[in-house]
Amino acid sequence: MPDESILSDEFIRELINVGEVDILVGVPTHNDARTVGQVVQAVRAGLLKYFPRARSVIINADGGSRDGTRDLVCAASINDTVGSNLPALRTLHSISTQYEGPPASGTALHTILAAADLLQAKACAVISPESTSLEPEWVERLLRPVIREGVDLVLPVYRRHKFDGMLIRNLVYPVTRAVYGCTVQEPYPSDYAFSSNLGSNFLNQDLWTQEQGRHGTELWLTLAAIIGRYRIYQSFLGTRGRLESPPSDLVKAMRETAGLLFCSMDCYPAAWKDSREPLPAPCGGCQPAVSLEPMRVNRKRLHQMFTFGISQLEPVFSSILSTPTHEELKRLATLPENEFELPEPLWARTVYEFAAAYHRAVIGRDHVVQALVPLFRGRALTFLTENREAKESEIESNIDKVCHAFEAEKPYLLQVWDGGK
Amino acid sequence: MWSNFVGEMTRAADEILKGFARFLPRILEMLVIVLVGWVIAILLRAIARSILKIARFDKLSEHTGATQLLRGAALPSLTELTSRFVFWIAWLGFILLGISVLGVAGFDEHVATFIEFLPRLVVSLFILFFGLLAASFFSRAVLLGAVNANLSSPRIISWAVRTMIILFVVSMAFEELSISSRTVVVAFGMTFGALMFGLALAFGLGGKDLARRYLEKRFGSEPAEEQHDHEDELSPL
């Protein structure tokens, strides 16, 4: 049964007016007035162009915007209906609702899932309001594999700057690949699509009152699909637009990624401890996914924050890390910036020791995750140095090198998981 | 005269022997109580030790930082310490019970006082333990937060938080035990007040710009001057 308690009476009334649909596109927002208009227009154009016969609805789940985001969504919809040259054979509905509670992507996804369940949508896509480079084709590339090929989860592959998404490239992707045996390049997607089967299953999971049901829920969905052995597909979408002010809160990002990964490893040990067949995740239209424009990066600050973290968090690290790993990291902290290198095997062992410490709760679990932040800065610095002059192919091979290190160290993870340091 | 002296001495010796004969069973009774108490205390210690091991009490103690404190003072683990505490409390209770059997005048009152004191002792130990737990948790949280925010002297900030909580907890524990409670509370109030005054001065003098920016951002209609606190253009996700 869908959890209808999250849907307001007014919203349910609007959904009942819409009736059953084939496609539901969810747009979670919170103060996204700058970008949401063009995103909704592109979504509408994609639906009208590629799925003109499908009964479709766009659901905007808003977290209480105060900048008129919801008005812009409705305005964008009206403009499209009036000015579009694209023929619609069915009515394309757009509904905006404000969910209860503080703004959280997980709560927005919960609202979208509950609405999709109520409307019995066959396929559901979620589009980030920050996807400023969204083309109508993205909607087709995300939804077609679900509708035509029976895929359960379609994840995006973007062309991104070589230094964008370093936490994904140096931690989330390698750990997902090594631990769960699935090579999904963007396990924490902002634009994705899924089947009604996976959506209903996910909706009925007992996670909506927990942290993973509020933040990082998209990563949890990917992990649930991998663990449940659902059919996964990756679609190359194109260049992902960069925000003018990228999120700088690394601690929050670490909680949403490493925290959730460690939590899933702790909750589902059988899914990764026993050797299972790797889960294929074929990529449609994949191209080299790295761009090389110049970017301002403060390497000195990364180095300073790594060494500062190592010196100040000595008592915390001594509870989490094994003595050899801790000693090695302390040695690295004495090196000058131009000689600094946190090699892949040491990084893999460090992350695995953190995962084991999280599992054994040697200190508060949130503290374990927070303590990884300064060490990640060291790894980020190494990645920046390694790839400063690198070409596309070299960068991809360097990311593969990180993944191989995590795969090679997996026996070490099994060793430290239950045992001592 | 000699015969009188011998008679008195014999009578006195008889009295001593009779008194001793009357008192001997009580001494034996006391020894038996103390011995049985010792056995029971050993059993209680073993039970307490097993329960604490099953409950992974040492792990909890490690989380609270109590283990580090004990190690620093060359004391055994908290499990061992608690089980020894159970042993001594139980045996001391039996010893007092045994002594009370001797019928020493006024001793019963001391035993009663001791038994009344026990619950307060246990409560104050609980306060101390959970206080240490809170001190350890919050000081670590502050340390991690300060390091990740790149603040200067995170260890000093963390130490200050820890010290304040421990001071607060110790004053609560002493108050529970009614040991110099006024002195401890006044001392705590003075220390806490001085610390807060110091922090207020430090914030006022050193952080006035930060406070102004915060207040402008929070309540002002005009946006505060642009902050350039992004370490770079990197996006981690």
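Start by selecting chain A, which has 17 helices and nine strands; helices (H or I, at least four residues) and strands (E, at least two) are DSSP runs, numbered from the N terminus. Before going further, note that this is a predicted model, where local features need pLDDT of at least 70, side-chain atom pairs count only at pLDDT 80 or more, and totals for chains, interfaces and linings use all residues. Residues are numbered from 1 along each chain as its sequence is written, chains are lettered from A and ligands numbered from 1 in the order in which they are written, and side-chain values use heavy atoms, with hydrogens and water left out.

**Stop 1: chain A as a whole**

Colour by burial next, and 59% of the 421 residues in chain A are buried; buried means under 20% relative accessible area, exposed over 50%, and partly exposed in between (1.4 Å probe, protein chains only). Of the contacts in chain A with a separation of 6 or more, 85% join residues 24 or more positions apart, a contact being heavy atoms within 4.5 Å.

**Stop 2: charged pairs in chain A**

Over all chains, the structure has 22 salt bridges, each a side-chain nitrogen of Lys or Arg within 4 Å of a carboxyl oxygen of Asp or Glu. Select Glu337(A) and Arg299(A), whose closest N and O atoms are 3.4 Å apart in a salt bridge. This pair links distant parts of the chain, 38 residues apart: Glu337(A) sits in the loop between α13 (323–333) and α14 (344–360), and Arg299(A) in helix α11 (residues 299–312). Arg299(A) is buried at 17% relative accessible area, while Glu337(A) is partly exposed at 24%.

Now pick Glu314(A) and Lys330(A), a salt bridge with its closest N and O atoms 3.1 Å apart. Here helix α12 (residues 314–320) supplies Glu314(A) and helix α13 supplies Lys330(A), 16 residues apart.

**Stop 3: where the chains meet**

Bring in chain B and select the contact, which takes 47 residues from chain A and 23 residues from chain B. The area buried between the two chains is about 3100 Å², with 57% from carbon and sulfur atoms; buried area is the accessible area (1.4 Å probe) that two parts lose on being put together, summed over both. Salt bridges between chain A and chain B number zero.

**Stop 4: chain B**

Chain B has eight helices and zero strands, and 26% of its 237 residues are buried. Its accessible surface comes to about 15900 Å², of which 71% belongs to carbon and sulfur atoms (Shrake-Rupley method with a 1.4 Å probe; for residues, only the protein chains shown count as cover).

Select Arg11(B) and Glu8(B), a salt bridge whose closest N and O atoms are 2.0 Å apart. Because these residues are three apart in helix α1 of chain B, about one helical turn separates them.

Finish on Leu44(B), which lies in helix α1 (residues 2–54) of chain B and is partly exposed at 36% relative accessible area. Leu44(B) belongs to a nonpolar surface patch of about 880 Å², whose members include Val32(B), Trp38(B) and Ile51(B). Patches are made of residues with over 30% relative accessible area and no salt bridge: like charges are joined within 9 Å, nonpolar side chains (Val, Leu, Ile, Met, Phe, Trp, Tyr) within 5 Å.
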